[in-house]
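Morning, everyone. Please look at the screen while I go through one model. I will take it topic by topic.

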Amino acid sequence: MRPLPMPFNELITPANCALALIDFQPAMFQGVQSHDRKVIMDNVQILARAAKLFKVPTILTTVAKDSFSGPFMPEVTDDVFPGEPVIDRTSINSWLNADFRKAVANTGRKRFVVAGLWTGACVNFPTLDMLREGYEVTVVTDACGDTSTEAHERAVQRMVQAGAVPMTTLQFMFELQQDWARSGTYEGVMDILRALTPYGIQVRFSKWALGEHASEAG
């Protein structure tokens, strides 16, 4: 008998979740019409950098890397997780790949945060299978994309109806941080905001106006 999952009103923490990033590859990006592709690229980097900062176990996977789709975006594999393995598959559904399933099990986590391209296939399929296997799945909807807005939205609806929960990229990072007084990760979060979000403009301005001591921790 599988253990009951944690309730979704329990916030994610660095100790209770893992992250799976699926198929952020050139060929997959080319088909995205539901979102601004640059926004997705920035959001994936935020997820990856936040996961590394908070030591959240992270799985990277590609489909047909050498024969069709190209490599996982180097802003993640080279700049954030150099040397980390990237699981390459032939299956659209990551869950059909034994190495992916093993990597999921090896994290020791039952709560997974998932983002990928495309929402209706490479995110939807493993999400449904992982839910059936007793995992909790939270889908970062603004770090996913599909061939049309409708394709993305219908996929999100289907996953939510199946038991997945949607969240956004910054929600993921802020939920891990929780309190600006957590000094061990505060500057890392600020660095991510400065580099990859519009709010970084405010962060830079506050430092200019109030000095380097300016801090949301008070």
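Phe112 first: at 0% relative accessibility, Phe112 counts as buried. Buried here means under 20% relative accessible area, exposed means over 50%, and partly exposed is in between, with a 1.4 Å probe and protein chains only. This is a predicted model, where local features need pLDDT of at least 70, side-chain atom pairs count only at pLDDT 80 or more, and totals for chains, interfaces and linings use all residues. Residues are numbered from 1 along each chain as its sequence is written, and side-chain values use heavy atoms, with hydrogens and water left out.

Now the core. The largest nonpolar core has 64 residues. Phe112 is among those with the most contacts inside it, together with Leu21, Phe24 and Phe172. By nonpolar core I mean a set of buried Ala, Val, Leu, Ile, Met, Phe, Trp, Tyr and Cys residues joined through side-chain atoms within 4.5 Å. Which element gives the most to this core? Helix α2 does, with 7 residues. Helices are DSSP runs of H or I, at least four residues; strands are runs of E, at least two; both are numbered from the N terminus.

Stay with Phe172 for a moment. Leaving out residues up to four places away in sequence, Phe172 touches Ile12, Cys17, Leu47, Ala50, Ala51, Val113 and Met167. A contact means heavy atoms within 4.5 Å.

Next, the aromatics. How many aromatic pairs does a search of the whole structure find? The search finds 7. Rings of Phe, Tyr and Trp (its six-membered ring) pair if their centres lie within 6.5 Å; planes under 30 degrees apart are stacked, over 60 edge-to-face, and the rest tilted. Take Trp95 and Phe100: ring centres 6.4 Å apart, planes at 80 degrees, so the pair is edge-to-face. Both of these residues, Trp95 and Phe100, are buried. Phe112 and Tyr135 are also edge-to-face, at 5.9 Å centre to centre and 80 degrees between the planes. Phe112 is in strand β4 and Tyr135 in the loop between α6 and β5 (136-140), so this pair ties together parts 23 residues apart in sequence. Tyr135 is buried, with a relative accessible area of 12%. Trp95, Phe100, Phe112 and Tyr135 form one aromatic cluster.

On to the cysteines. The disulfide count is 0, where a disulfide is a pair of cysteine sulfur atoms within 2.5 Å. Cys17 is in no disulfide, and its nearest cysteine sulfur, that of Cys144, is 15 Å away. Cys144 is in none either; there the nearest cysteine sulfur belongs to Cys122, 10 Å away. Cys17 counts as buried at 0% relative accessibility. Cys144 is buried at 0% as well.

Strands now. Strand β2 (residues 58-63) and β3 pair in the parallel sense over 4 bridges. Pairing needs at least two bridges found by DSSP. In that pair, Thr62 stands opposite Asp88 in β3. Along β3 (residues 86-89) the side chains alternate.

Backbone geometry next. The peptide bond from Leu117 to Trp118 is cis, with omega near -5 degrees. Trp118 sits in the loop between β4 (111-116) and α6 (119-132). Which way does phi go at Asp23, positive or negative? Phi of Asp23 is positive, near 65 degrees, in a residue other than glycine. Asp23 lies in the loop between β1 (18-22) and α1 (26-30), and is buried with a relative accessible area of 0%. Lys55, not a glycine, has a positive phi of about 60 degrees. Lys55 is in the loop between α2 (37-53) and β2. At 70% relative accessibility, Lys55 counts as exposed.

Asn43 is in helix α2 and counts as buried at 11% relative accessibility. A polar atom of the Asn43 side chain lies 2.8 Å from the backbone oxygen of Asp142. Beyond four places in sequence, Asn43 touches Asp142, Ala143 and Thr169.

Gln177 is in helix α8 (residues 169-177) and is buried at 2% relative accessibility. Gln177 and Pro14 are 163 residues apart in sequence, yet 8.9 Å apart in space, C-alpha to C-alpha.

Definitions and conventions:
A polar contact is a pair of N or O atoms within 3.5 Å; within protein, one must be able to donate a hydrogen and the other to accept it, and residues adjacent in sequence count only if both atoms are side-chain atoms.
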